[in-house]
Amino acid sequence: IQLLTVRLEIHSKLRMEEFKDLWDSVLGFVVKGDQMSGRPGFELRGALLMQAKKFLETLHSRQLKTLGQVMNSEEWKQCDVPFEIQALTQRLVRGKLSGPRLFSTSSDTKGKRMAGRELVFAGRSYRVVNSLLMLVSFLERYLSCATQFSALSSSVLSKITEMFRFYNERTNSLVLQAEACKTAGLKRINTKNLVLASQSLSVVMSLMDIVKKILNPCLPEKYQPHLNVEIERLMVEYETHKKRIADKFADMIQNLIDYCCKTGMANVQWDARNADGLGKPQMYMTKMTHGVISMYNVLHKHLPNDELQMVFVPIFQLFNTKVPQAFADIEPTTPTGKSRVRVDINHLLSSLRRLRGLSGPGDVLENFLAEKFGSPSSAQPASKESVEKKIARSEETQEFSAQVPEQEVVSAHPVAPEKKEIKASIDTASNNGSQNGTGDSNKNLENQNDAPQHDQEET
């Protein structure tokens, strides 16, 4: 007992497989002593349990510190998924852990399988970031502690819930509150950063079911209800976080609509006799539809259809509310003026309805158009071919930016109080591939080139 006590700090810093050897050796000695003496060695068992708890505490502190450092430097860009991590997730889904240490830290890559672009988990594919992969590897170590040192199972549960809660809160601070602009040097938080954060949260929520499956048999019966309660609390916290990210996408579109309607419609002469451009949507409307399509292209690549639908339901509601409000004071007096209005709204409807996998905006705008501006028979809505070409073109080169009001900005720097105007710009990339980098970095909402090297669809 004295020897174990003296070496407590040293044992707490052992690798897991080394501590497992120590545990088996001491426990084997205790069992033989019990058999020889005819009575249990409670003191030696207690000393061994203290060693295990100290080992778990040291492991937990080290892993939380490492996870925090990785998250602080996280740029929230998609990373490749090593074969070892992919294999680990498959074992976790099956509820099988193959040992105290599943992957090597050796730098030798000989014989290793190639990494994949997506993490396949429970039949679904996720595009994730580096910090999420590290969390998966750390979770395996906690679960190994629970399965191999059964006396630690209740303590392991508290450590896992603490790590999950830490990841959720830190992700919220870094992405939604834009602390990554300071810690990782990002210029601003963009659309792809947000959607990758959401996907990483989805993976953790799937891992919670795995934790319940593996930990439940290890826990004493009196602790099993506590496991369910803790997992349910975490689920609620993660769902709330994902909902806030989805709301941020709607905020971006709201700012886009407000800007385009406020600045673009004021310059339109609806009743002008000039026939140039008649039958085509006005510039403000093409900017608006381009911004929506640009965001859709990013989200469609990263989100499953059910989550994509969840994001766009409030966006469609925004169009059904904000567009009629914007046209409430528009009163064209000539057939030409009414035709221009019908062309714009029909162009918007055609663009929204051709976004694949979505239910669409419904008939609200169509009914409003018929009631206020008459029959749409003379309008020339955007054709299917033109919308599909726009979607394809924006997938290749796109930049979506819309400056937001001061309280909505996700930025690393404070906004000067005297700048109160809401400005926005939606530009496509120039022929040489350059991107629009001007404007107030605290207010820009950009959706840049979707190529990997420019990974910037910006909020």
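A salt bridge here is a side-chain nitrogen of Lys or Arg within 4 Å of a carboxyl oxygen of Asp or Glu, and the legends below apply this rule to a predicted model.

**View 1. The salt bridge between R117 and D80.** R117 pairs with D80, and the closest N and O atoms of the two side chains are 2.7 Å apart. The pair links distant parts of the chain, since R117 sits in the loop between α5 (83–94) and β1 (119–121) while D80 sits in the loop between α4 and α5, 37 residues apart. R117 is partly exposed, with a relative accessible area of 44%, and D80 is also partly exposed, at 40%.

**View 2. The salt bridge between E57 and K159.** In this pair the closest N and O atoms of E57 and K159 are 2.6 Å apart. E57 belongs to helix α4 (residues 42–72) and K159 to helix α7 (residues 153–176), so the contact ties together parts that are 102 residues apart in sequence. K159 is buried, with a relative accessible area of 9%, whereas E57 is partly exposed, at 37%.

**View 3. The salt bridge between D247 and K243.** The closest N and O atoms of D247 and K243 are 2.9 Å apart. Both residues lie in helix α10 (residues 224–264), and because they are four residues apart there, about one helical turn separates them. D247 is partly exposed, with a relative accessible area of 29%, and K243 is likewise partly exposed, at 44%.

**View 4. The network of R15, E17 and E18.** Salt bridges that share partners join R15, E17 and E18 into one network.

Definitions and conventions. Residues are numbered from 1 along each chain as its sequence is written. This is a predicted model: local features need pLDDT of at least 70, side-chain atom pairs count only at pLDDT 80 or more; totals for chains, interfaces and linings use all residues. Side-chain values use heavy atoms; hydrogens and water are left out. Helices (H or I, at least four residues) and strands (E, at least two) are DSSP runs, numbered from the N terminus. Buried means under 20% relative accessible area, exposed over 50%, partly exposed in between (1.4 Å probe, protein chains only).
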